[in-house]
Amino acid sequence: MKDALPRTIYLEDYRVSNYLIDRTELCFLLGDEFTTVTTKLHVRRNPDCVELSAEALVLDGSASLQLLSIAVDGRVLNESDYRRDEDTLTLWGLSERAFIETTVQIKPQLNTSLNGLYQSRGMYCTQCEAQGFRQITFYLDRPDIMSEFSTRIVADEQRYPVLLSNGNCIAKESLDDGQHAVTWHDPFVKPAYLFALVAGTLAVIEDNFVTCSGRTIALKIYVEDKDKDKCAHAMTSLKKSMRWDEQVYGREYDLDIFMIVAVDDFNMGAMENKGLNIFNTAAVLANQATTMDATFQNIEAIVAHEYFHNWSGNRVTCRDWFQLSLKEGFTVFRDAQFSADMNSPIVKRIQDVSFLRTHQFAEDGGPMSHPVQPDAYMEINNFYTVTIYEKGAELIGMLHSMLGVETFRQASDLYFERHDGQAVTIEDFVVAMEDASGRDLQQFRRWYKQSGTPRVDVKSVYSKSRRELTLTFQQACPATPGQVEKAPFQIPIRCGLIDAKGMPVALNTAGDEELVVELTEETHQLVIDNVEAGAVPSLLRGFSAPVKLNYAYTSDELAHLMAHDSDGFNRWDAGQQLAINILNEQTENSRAARPLQLGGTLVETYRQLLSSTDVDAGMIALMLQLPSEALLHENAGEVYPLAIHDAREFVKLTLAAMLKEPLFDLYQRHNQRQVYAPDAQQIGSRSVKNAALDYLMLTDVGVELAWQQFCDANNMTDQAAALRALVSCSASGDLATRALTQFEKQWRDETLVINLWLQIQATDQRRGTLKRVENLLTNDHFSLKNPNKVRSLIGAYCSANLVNFHAVSGEGYAFLADYVMQLNGINPQIAARLVTPLTRWRKYAQPHGQLMHGALQQVADHPGLAKDVHEIVVKSL
Ligand code: B3K
Ligand code: ZN
């Protein structure tokens, strides 16, 4: 372990590299005891580097690399010819051009960080983003060093028949002693973070795709033989993505082959390595029996996201890691557009906004708040955040709506053409948007630099005599770490007005029923003429900017919007706001030990919703779901987790009791047996049925219904929903245990389904769950080394079982701290992710806040804290 504290890296310290690497030739000998990596680098002085002092070549290379030999221009160096520090190797006196050859040994079989080269279920694989390549060999491991790679892999032919790397396969050889070698060459220059290698015994599913210019691309998905029957959905998703990117962005695929490999042990969803995407099995494998609808959609989105990176990320990459949102925000925006086109656009938008409000707003209001373009970090892996990804995507979304579809397309074309083969900045992207549109985006740039969620307060004044409605918008942004004062943002607010009869009102003489108000100052006024009394403003339609908008709606006004708004998103949002207001009141009542009560408005709006015939099923399902506890925590000034839970349970129970009949009817109407398809219509139908079941569990018909559904289900969505319903229901008695046992027996050989089984138990809302979770930690189905399992059990307990996690005893906090410390030594990236709930301690009422702080302090005091965990913990204490 290092004694020095982790160093902070600053954007302002960015300098171009003094050397470039034109070509990179790698050779891997994969052996049981160690892997030998020989690297040949063709380097050259960078003509753009003007600093005279920058003579030495400093290669990155982590402490775990064992250097066997190094030669420069054919001359073997002695130890006195170079300097080896903890994570660098320094060379002096190189000529203008030099040829450097290093040989190192590494031990992938012992690498539990899942970063660099490691093993997953006996196969070799890599994860190099952001800085994993320096765990493989000495290199200029920074994204602005783009090089042409060739890779030779040598391994035992029987155990590792499949040997893959980026680009095209150019040679295959059979060697002595049962070894074989395969060589790959990637004609496109790329940074080292996009390098990939895979070796193992893998089955392959093949297809092909003919591009818009008539080239035939071989598509291959590599999985373990047992999973061959679960690749069709990913393959279809890939082909749809390829076509969509041609049609919507004019982007054609470039290599002749595109490969996806699925691995079980993976720190995130997937990785866009050039021509060789590596995926978490959870983000590829799917079939009707084992996969839930939401996972089918998730797979489609992730396959698309990684594929889209081929242009937004790979062909045009980031200059440095402060520019991460350049590729991630843009690519999330692109995959969201794609998912909207493939499924229900409004359902997709609602899901994305709920996610942003729950997770990104929480991050932006907490100790890790950072701008979409951060200016400092200790560990870059901690900055793969909802702010970089999801808020970054919202910024692109605003540009898209400000420029309009066609101009945005011209601007993205310009960006790709201008920067193809380059490593660029967010600024370059914004300039392309400006150049193509002629718009001045000076103020818009603040969105990238200022952190925090802006708040927009809107007030209305109606003048009866002038028949005039005045809306006053006031924006402000709370202070965030390192940023006290904020300048005003440019905020596009899409709005409309709904009259007392429920009809849209013309907002100007042109008759427009919708306008985009662009706020640029702290205060802005909008005056609408010719308005009858009683019209209700519909604001921030489609969530046109990532802000918190406040308008003092009455319950009746919200119910009115919920029933009549011509914007579907705002219909949903009005329902959420109505529910939030009621939940907040009941939370107050619960805290003050006053009786809880539910007025008529919510029940009546829900009753109307249940009988409505003009709203599609997916929307009804979303509207039926009360705001989550996590969202309510984010929304609260000071969080009383148990009172929030009580309030929400009470409202749910009351709704269930008052609406039992229509809920039951709705359930029956959608409980149709049909040939399974993960399409928008069927998914909507199943989700509304299961949303109804969730309420019905609080009535006397629930348990029987759920058990019946569990036994009859012909797909995982229905089976898992029924199991979840039984497990969290206090009335289910031993049926919950029976269902869990049966489920385990049926699916014990399907790892991903077993992960779901773990997750359902971890989110069991009943008392005593922690004991059961602790038991599961010793179950054969669990392993701390597998991130999916850690997320399913420990992660789910701490972030999706809030009533138990926040038990006043503090046992949930102590449990989390304990596992963060254990994981710190195994997989620091996963440990750093897991600790998040504790970092929000300041928001929590006592005794929670103090207990959370204590648990966090315990983590901080743990000896040998990895840089990843250290950064998060010190910033939050
Ligand atoms: N680019 C990768 C994420 C890498 C995370 C490194 N800690 C996947 C993606 O965003 O597509
Ligand atoms: Zn990405």
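This is a predicted model: local features need pLDDT of at least 70, side-chain atom pairs count only at pLDDT 80 or more; totals for chains, interfaces and linings use all residues.
1. Local features were taken at pLDDT of at least 70 and side-chain atom pairs at pLDDT 80 or more, while totals for chains, interfaces and linings use all residues. Residues are numbered from 1 along each chain as its sequence is written, and side-chain values use heavy atoms, without hydrogens and water.

2. Helix α7 covers residues 426–437; helices are DSSP runs (H or I, at least four residues) and strands likewise (E, at least two), numbered from the N terminus. G438 follows α7 and has a positive phi, near 75 degrees.

3. The buried residues of α7 (under 20% relative accessible area; exposed is over 50%, partly exposed in between; 1.4 Å probe, protein chains only) are I426, F429, V430, A432, M433 and E434. They pack against α3, α5, α6 and α8, with contact meaning heavy atoms within 4.5 Å.

4. The model has 62 salt bridges, each a side-chain nitrogen of Lys or Arg within 4 Å of a carboxyl oxygen of Asp or Glu. In one of them, D435 and R418 approach to 2.8 Å between the closest N and O atoms. D435 is in α7 and R418 in α6, so the pair ties together parts 17 residues apart in sequence. D435 is partly exposed at 44%, as is R418 at 34%.

5. E379 and K867 form a salt bridge at 3.8 Å, N to O. The two residues are 488 residues apart, with E379 in the loop between β23 and α5 and K867 in helix α28. E379 is buried at 7% relative accessibility, whereas K867 is partly exposed at 28%.

Notes: Chains are lettered from A and ligands numbered from 1 in the order in which they are written. The expected span of a helix is 1.5 Å times one less than its number of residues.
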